[in-house]
Amino acid sequence: MMKRIAIFASGTGSNFQAIIEAVRKGNLHATIALLICDKPEAPVVEKAKKADVPVFTFSPKEFASKAVFESIICEQLQNAKVDFIVLAGYMRLIGPTLLQAYPNKIINLHPSLLPAFPGKAAIKQAVEAGVKITGITIHYVDEGMDTGPIIAQKAVPIDDEETLLDVERKIHQVEHIFYPQTLQKLCLRE
Ligand code: GRF
């Protein structure tokens, strides 16, 4: 059976787009059943509409707590019969409501070689630290910030003359290839 994926995103959605294209090309055998977005104005919403992916947007401020909006998200996920949650630039910590509803089914992409440089602005952190190798990490989500079990990693070298922008570009290129590939392996495995 083809797995059903919900993507959670808050921003540009270049990884969302890369996943959609991998599905279109037949490289990822899954259905992108839903986009969940906590920023109704984010560019990723438009990308989803163009790709005919159903969208659920919400504004966290309008809810009393994370538990409340996550239970509404859970309903959306159940209605869409989602097997996996794939985070692609979702800028908030997943809370206990979603973690308990989807144990070991929530996957995140982080732009560093974890456990180095967790949290925000990971690429900038790596460049400022002067490391010569950084990369990307795909991992299961737990209650911590970028701390769950690692599924896969890919190294990206930083050359001496490269600017932050250069490194960001390189990291995103690797993400766009490696995230859909890794999701395909997971869909086959589970
Ligand atoms: C990616 O760099 C990802 O590693 C991080 O957030 C960024 C999302 O970018 N978690 P985009 O919205 O997919 O373009």
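A polar contact is a pair of N or O atoms within 3.5 Å; within protein, one must be able to donate a hydrogen and the other to accept it, and residues adjacent in sequence count only if both atoms are side-chain atoms.

First, the ground rules. This is a predicted model, where local features need pLDDT of at least 70, side-chain atom pairs count only at pLDDT 80 or more, and totals for chains, interfaces and linings use all residues. Residues are numbered from 1 along each chain as its sequence is written, and side-chain values use heavy atoms, with hydrogens and water left out.

Now, Ser10. Ser10 is in the loop between β1 (3-9) and α1; helices (H or I, at least four residues) and strands (E, at least two) are DSSP runs, numbered from the N terminus. Is Ser10 buried or exposed? Buried, with a relative accessible area of 6%. Buried means under 20%, exposed over 50%, partly exposed in between, with a 1.4 Å probe and protein chains only. The Ser10 side chain makes a polar contact with the side chain of Asp38, at 2.8 Å. The side chain of Ser10 also reaches the backbone nitrogen of Met91, at 2.9 Å.

On to the ligand. Which residues have polar atoms by its oxygens? A backbone atom of Gly13 is 2.8 Å from a ligand oxygen. A side-chain atom of Ser14 is 2.5 Å from one. For Glu175, a side-chain N or O atom is 2.4 Å from a ligand oxygen. Residues around the ligand also include Asn15, His110 and His172. α1 (14-24), β5 (106-110) and α6 (164-189) each supply at least two residues of that shell.

Methods:
A residue is near a molecule or strand if one of its heavy atoms lies within 4 Å of it.
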